[in-house]
Amino acid sequence: MRSAPLCGYATEPHTRPDCGLTPVVAFGATRLCASCAARRSTLGKGQRPRPLQAPAVDVLTWLAAAERDLRAARHALHAAVRRARQRGHSWQVIGDQLGISRQAAQQRFGQHCNQDLLDGLGPWGV
Ligand SMILES: [Zn+2]
């Protein structure tokens, strides 16, 4: 299910607590709700605002969609790490790709990958 378009500041509740979430106008690729459009400074200068007819954003629907997206991303991350291990990449290389240490990568993902070894898949998927 595809999420409804959001105001460009919807993911910044700390700086834009009054954001209405539902975009009503676009400046180029940036969509803004009425509140954020009223507060804009230089954004869109020289660009004509384009009115939008976006469906209203329900925050609880957005919340559920964010949770689904998070689970899918977590699943993809674990699968990618497992595949990298099956192809013989070291924890150091995996950690480097994730911006964490070798030890942190192994602690975070090692238990799942070690299960592959116990299941007889071997580190190279054979
Ligand atoms: Zn907004």
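The talk below takes the labels in turn.

Modeller: Keep in mind that this is a predicted model.

Biologist: What makes up the secondary structure of the chain?

Modeller: Four helices and three strands. From the N terminus on, they run β-β-α-β-α-α-α.

Biologist: How do you know that strand 1 and strand 3 pair?

Modeller: Pairing takes at least two bridges. Strand 1, residues 25–27, and strand 3 have two bridges, in the antiparallel sense. In strand 3, Arg50 is the bridge partner of Ala26.

Biologist: Why are strand 2 and strand 3 called edge strands?

Modeller: The open sheet has the order 2-1-3, with antiparallel pairing. Strand 2 (30–32) and strand 3 (50–51) each pair on one side only.

Biologist: Which residues make up the largest nonpolar core?

Modeller: Nine residues: Cys7, Tyr9, Ala10, Cys19, Leu21, Leu32, Cys33, Cys36 and Ala37. A second, separate core has six residues, including Val81, Trp91, Ala105 and Cys113.

Biologist: How do you know that Ala10 touches Cys19 and Leu21?

Modeller: Contact requires C-beta atoms within 7 Å. Ala10 touches both Cys19 and Leu21, so each pair meets that cut-off. Residues up to four places away in sequence are not counted here.

Biologist: What share of the chain is buried?

Modeller: Buried residues are 16% of the 126 residues. Each of them has 20 or more other C-beta atoms within 10 Å of its own, because that is what buried requires.

Biologist: And how many contacts link residues 24 or more positions apart?

Modeller: They account for 48% of the contacts with a separation of 6 or more.

Technical notes. Residues numbered from 1 in each chain as written. Predicted model: local features only at pLDDT ≥ 70, side-chain atom pairs only at ≥ 80, totals over all residues. Core = buried A, V, L, I, M, F, W, Y, C linked by C-beta atoms within 7 Å. Buried ≥ 20, exposed ≤ 12 C-beta atoms within 10 Å, placed from the backbone. Contact = placed C-beta atoms within 7 Å.
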